[in-house]
Amino acid sequence: MAATAGHNNLNAKLVLLGDMGAGKSSLVLRFVKGQFLEFQESTIGAAFFSQTLAVNDATVKFEIWDTAGQERYHSLAPMYYRGAAAAIIVYDITNADSFTRAKKWVQELQKQGNPNMVVALAGNKADLEDKRKVTAEEARVYAEENGLFFMETSAKTAANVNDVFYEIAKRLPRAQPAQKPAGMVLVDRPAEGSRAASCCS
Amino acid sequence: MDEEYDVIVLGTGLKECILSGLLSVDGLKVLHMDRNDYYGGESTSLNLIQLWKRFRGDDKPPPHLGSSRDYNVDMIPKFMMANGTLVRVLIHTDVTKYLYFKAVDGSFVFNKGKVHKVPANDMEALKSPLMGIFEKRRARKFFIYVQDYDESDPKTHEGLDLTRVTTRELIAKYGLDDNTVDFIGHAIALHRDDRYLNEPALDTVKRMKLYSESLARFQGGSPYIYPLYGLGELPQGFARLSAVYGGTYMLNKPECKVEFDEEGKVVGVTSEGETAKCKKVVCDPSYLPNKVRKVGRVARAIAIMSHPIPNTNDSHSAQVILPQKQLGRKSDMYLFCCSYSHNVAPKGKFIAFVSAEAETDNPQSELKPGIDLLGPVDEIFYDIYDRYEPVNEPTLDNCFISTSYDATTHFESTVLDVLNMYTLITGKVLDLSVDLSAASAAEE
Ligand SMILES: Cc1cc2nc3c(=O)[nH]c(=O)nc-3n(C[C@H](O)[C@H](O)[C@H](O)COP(=O)(O)OP(=O)(O)OC[C@H]3O[C@@H](n4cnc5c(N)ncnc54)[C@H](O)[C@@H]3O)c2cc1C
Ligand SMILES: Nc1nc2c(ncn2[C@@H]2O[C@H](COP(=O)(O)OP(=O)(O)OP(=O)(O)O)[C@@H](O)[C@H]2O)c(=O)[nH]1
Ligand SMILES: [Mg+2]
């Protein structure tokens, strides 16, 4: 299910991981809606988005899962990783602890995630240069050692935000061999069901 | 932890997770804790290493069984009726979007020592080797009566008031023999014992309609569906719903001691020296052992196999119901099989379960007639667990305790318990009138 191909359309589940307040939801909000909220609330409510991107020869429809806070007390469900084609691990460049936590998430993904997963490391809040605690160099070296790709982003100024998603879209393995039998999603309307694009609420 | 919650939910079994989700959606402030470091409680799905740890102590699984993480072995195996209440709850809450399903290949019944496909409508009745030629015609007439029966249209009732006429009387009108009655009652209407024969026929007619409507829904070989990766996905899906609506999740919390005031009303839950305050507690029986009583035992065998259940048309997922009478028992036995086609085992492997309510002091041996139908197995495990039900008065102590999962291979009793608890907790009735006639499934 990871990334399912049809014509030149790819469906890919993408999960966000990272410390509380690192800016996971802000990155999604910037990417999906082009917005930034100075006082983004801790994530409850909308935690399921979708956004389509055109890259080269194909369109990639991202199904984006934000954490809904279950990671706060180490209680993220395995279902969250299940079938994910890509992950963005987010830390806050002004907070060294959040970088330490990001490394923990990388280990967790190596344990739980699918081995072909495309993993990005995003050093967010790059606009807060004067408060920086984590150097770009340190993060780049770590990313290289662990086979991740790395970018510094700012959900506030939009710097590099779309780029992270484009880069992931480009790296997704194209012709995924039909690895697992595909299932069906139950919907409350007649067939031809596009999976609900937006979220609950 | 120093906050005050409307409800603290203990245990992440399916029932507790559905309730947690529904209550969070209602806007209540929910804290959900589990003493285990995994979701699902008794209704979790285990990988191979976890399975060995639970049933074989520290033994390691043999390598020829394949990779541990390719296994998702349900501890409470059940199928979902395609038009049943659990599907209604899933659609009502939109939790379906976290899950992928596949139809179950086959539905079978054990009759006179053999496994037969369950004939579910008039056409199939005519083809079924379960009945002789005259019996087939009688059965066909009965199926047509049931298919046409519409509670709100007296013309379809043929002069019978099914709220008064017993099932036995209705069946007598069609002259069906005991053998036919047995598979209709147990494998189609899914009664667990024979009490239904003396009860009003309406319930049985409705259950038969549910079976055939569910069968028609996905054009599969059975009325059942089952999630990819196993049932353990269900509690996780509802837990996510709860979290999305603000529920707080804490796994791996030891103890979880429920605290009471002098009047015996719940005031909070303590774990690791911290007490979270709350108005109500929702939990499974293991968290309040003094407020439940034992009501039975379930015996279950779990087998890993390299072939489908013999005589099930090569079904990669199937249910076989062994009606009590066929075995000389008081309640039915259930066979349940799923496989790599539902991503619960690596390619070529099958997981089969034999379940029954224990009726003797040696429940393991009671399972023999079911196990004999499996053919050779790679591995087999036995699990016997006690079933509990609450004996407290929730209006006095504000504790809402679920009933343990039963031996049935389906979810109706599970969801009924949840809906009743929801009403007790909130004073509201959950409206599940989603339009299932328009509902369908989208192929991914
Ligand atoms: C594999 C399998 C799948 C099944 N799927 C469904 C299903 O999807 N939907 C379904 O209705 N039944 C279904 N049944 C039948 C249903 O589960 C029976 O109600 C069950 O066998 C009776 O056991 P119980 O534990 O629910 O409670 P019981 O103690 O036998 O029943 C309690 C009372 O609740 C009533 N009741 C049970 N279920 C319902 C219901 N859904 N709606 C209204 N009243 C009910 C019963 O008729 C009875 O009067 C299924 C049975 C099997 C074996
Ligand atoms: N200056 C600056 N602030 C940001 C940036 N991204 C997020 N923030 C702020 O950081 C805070 C936390 O951002 P969120 O997006 O809620 O973080 P999160 O990782 O989703 O947090 P949780 O949902 O609690 O896990 C909010 O106040 C945002 O406005 C950024 O790039 N620059
Ligand atoms: Mg967030």
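Which side chains meet in a salt bridge of 2.8 Å, N to O, with B:Lys291 as one partner? The points below take up this pair and then other features of the model, which is predicted.

1. **The pair B:Asp397 and B:Lys291.** The side chain that meets B:Lys291 in this salt bridge is that of B:Asp397, at 2.8 Å from N to O. The two residues belong to distant parts of the chain, 106 residues apart. B:Asp397 is in helix H13 (residues 394–397) of chain B, whereas B:Lys291 is in the loop between S13 and strand S14 (292–305). Both B:Asp397 and B:Lys291 are buried.

2. **A salt-bridge network in chain A.** A:Glu129, A:Arg132 and A:Glu152 are joined into one network by salt bridges that share partners. A:Glu129 is partly exposed, at a relative accessible area of 46%. A:Arg132 is also partly exposed, at 22%. Over all chains, the structure holds 35 salt bridges.

3. **The pair B:Glu272 and B:Lys253.** A salt bridge connects B:Glu272 with B:Lys253, and their closest N and O atoms are 2.9 Å apart. B:Glu272 lies in the loop between strand S12 (266–271) and strand S13 (274–283) of chain B, and B:Lys253 in the loop between strand S10 (248–250) and strand S11 (257–260), so the pair ties together parts that are 19 residues apart in sequence. The accessibility of the partners may be set side by side. B:Glu272 counts as exposed because its relative accessibility is 51%, where exposed means over 50%. B:Lys253, with a relative accessible area of 10%, is buried.

4. **Helix H9 of chain B.** Helix H9 covers residues 233–244 of chain B, and its twelve residues should span 16 Å at 1.5 Å a residue. The end C-alpha atoms of the helix are 16 Å apart, which agrees with that expectation. Twelve of the twelve residues of H9(B) are buried, so the helix is largely enclosed by the rest of the structure. After H9(B) comes B:Gly246, which has a positive phi, near 100°.

5. **Cysteines.** How many disulfides are there over all chains? The count comes to zero. B:Cys256 is in no disulfide, and the nearest cysteine sulfur, that of B:Cys283, is 10.0 Å away. B:Cys256 is at 2% relative accessibility and therefore counts as buried. B:Cys337 is likewise in no disulfide, with the nearest cysteine sulfur, that of B:Cys338, 6.3 Å away. A disulfide requires cysteine sulfur atoms within 2.5 Å. B:Cys337 is buried, at a relative accessible area of 1%.

6. **Nonpolar cores.** The largest nonpolar core has 167 residues, and A:Phe62, A:Leu121 and A:Ile168 have the most contacts inside it. Leaving aside neighbours within four places in sequence, the residues in contact with A:Leu121 include A:Ile89, A:Tyr91, A:Phe99, A:Tyr142, A:Leu148, A:Phe149, A:Phe150 and A:Met151. Another core, of 22 residues, lies apart from the largest one and has B:Met305, B:Val320, B:Met333 and B:Cys337 among its members. In soluble globular proteins, nonpolar side chains tend to be buried together.

7. **The setting of B:Arg329.** B:Arg329 is placed in the loop between helix H10 (324–327) and strand S16 (333–339) of chain B. Is this residue buried or exposed? At 12% relative accessibility, B:Arg329 counts as buried. A polar atom of the B:Arg329 side chain lies 3.0 Å from the backbone oxygen of B:Ser331. Not counting residues up to four places away in sequence, B:Arg329 touches B:Gln324, B:Ala356, B:Glu357, B:Glu359 and B:Glu366.

8. **Chain A as a whole.** The secondary structure of chain A comprises five helices and eight strands. Along the sequence, these elements follow the pattern β-β-α-β-β-α-β-α-β-α-β-α-β. Chain A has 201 residues, of which 52% are buried. Of the contacts in chain A with a separation of 6 or more, 72% are between residues 24 or more positions apart.

How values were computed
Residues are numbered from 1 along each chain as its sequence is written. Chains are lettered from A and ligands numbered from 1 in the order in which they are written. This is a predicted model: local features need pLDDT of at least 70, side-chain atom pairs count only at pLDDT 80 or more; totals for chains, interfaces and linings use all residues. Side-chain values use heavy atoms; hydrogens and water are left out. Helices (H or I, at least four residues) and strands (E, at least two) are DSSP runs, numbered from the N terminus. The expected span of a helix is 1.5 Å times one less than its number of residues. Buried means under 20% relative accessible area, exposed over 50%, partly exposed in between (1.4 Å probe, protein chains only). A nonpolar core is a set of buried Ala, Val, Leu, Ile, Met, Phe, Trp, Tyr and Cys residues joined through side-chain atoms within 4.5 Å. Contact means heavy atoms within 4.5 Å. A salt bridge is a side-chain nitrogen of Lys or Arg within 4 Å of a carboxyl oxygen of Asp or Glu. A polar contact is a pair of N or O atoms within 3.5 Å; within protein, one must be able to donate a hydrogen and the other to accept it, and residues adjacent in sequence count only if both atoms are side-chain atoms.
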